[in-house]
Amino acid sequence: MTEPKKEAIEAMSECGLRPMESYRYMSTETGGDDCVGHTMIDHLNYCYKLKMKQIDGKDSQTLVNKLYDIQSIDPEFFFRVRLNAEGKVECLFWRDSMMREDYKIYGDVLVFDTTFRTNKYNLICAPFVGINNHWKNTMFACAFIGDETT
């Protein structure tokens with residue numbers, strides 16, 4: 001991908017165009033997908049890298065700020081974050097008021113299942129899930145944890 005194309009993608013992203021919208025625009029302007037000069041996958045990957053670059057390095061503070069914002073709107077929102085010595089998230093747990101109500105009503109059976117470190121931060125995703133009266137999954141809480149110790 002050439003530098004001018006990267007700059008054009010960045011400009012479109014800053015203007016609020018979604019990755020597919022910017023790719024379609026570039027495709028239309030150049031006369032079709034074959035004339036863009038890069039594949040759609042390359043385009044989407046570059047847009048993803050741009051997004052990650054925006055939050056890289058200040059993720060922990062951004063996360064905590066967002067959680068406090070949610071708590072100011074929903075007084076029943078509960079969260080705990082534990083950071084390591086480097087300021088990186090080690091563990092995170094949260095639940096909102098609706099999750100709490102769902103747990104009170106449908107919390108007879110709780111499923112706790114983890115995925116093994118499949119995210120950028122090498123944390124384990126641990127949702128707390130149950131089933132409501134419509135036989136649909138309902139989330140009671142969620143956590144990201146550094147390891148599976150008690």
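Helices (H or I, at least four residues) and strands (E, at least two) are DSSP runs, numbered from the N terminus. This is a predicted model, in which local features need pLDDT of at least 70, side-chain atom pairs count only at pLDDT 80 or more, and totals for chains, interfaces and linings use all residues. Residues are numbered from 1 along each chain as its sequence is written, and side-chain values use heavy atoms, with hydrogens and water left out.

**Stop 1: helix 2.** Select residues 19-30, which form helix 2. Its 12 residues should span 16 Å at 1.5 Å a residue, and the end C-alpha atoms are 17 Å apart, which agrees; the expected span is 1.5 Å times one less than the number of residues. Now colour Ser 22, Tyr 23, Met 26 and Ser 27, which are buried (under 20% relative accessible area; exposed is over 50%, partly exposed in between; 1.4 Å probe, protein chains only). These residues cover an arc of only 135° around the axis, so they sit on the same side of helix 2; the arc is that of the directions from the helix axis to the C-beta atoms. Turn to the other side of helix 2 to find Arg 24, Thr 28 and Glu 29 exposed. Just after helix 2, Gly 31 has a positive phi of about 100°.

Stop 2: Next, show the open sheet of 5 strands, with order 1-2-5-4-3 and antiparallel pairing. Two strands pair if DSSP finds at least two bridges between them. Strand 1 (78-83) and strand 3 (111-112) are the edge strands, each pairing on one side only. Strand 1 is joined to strand 2 by 6 bridges; select Phe 78 and its bridge partner in strand 2, Arg 95. These two strands form a hairpin with 5 residues between them, and Gly 87 in the turn has a positive phi of about 85°. Moving on, 4 bridges join strand 2 (residues 89-95) to the antiparallel strand 5 (residues 137-145). Here Phe 93 has Ala 143 in strand 5 as its bridge partner.

**Stop 3: Trp 135.** Select Trp 135 in the loop between strand 4 (124-131) and strand 5. Trp 135 is not a glycine, yet has a positive phi of about 60°. With a relative accessible area of 73%, Trp 135 is exposed.

**Stop 4: helix 5.** Finally, select Tyr 103, in helix 5 (residues 97-106). Tyr 103 counts as partly exposed, at 44% relative accessibility.
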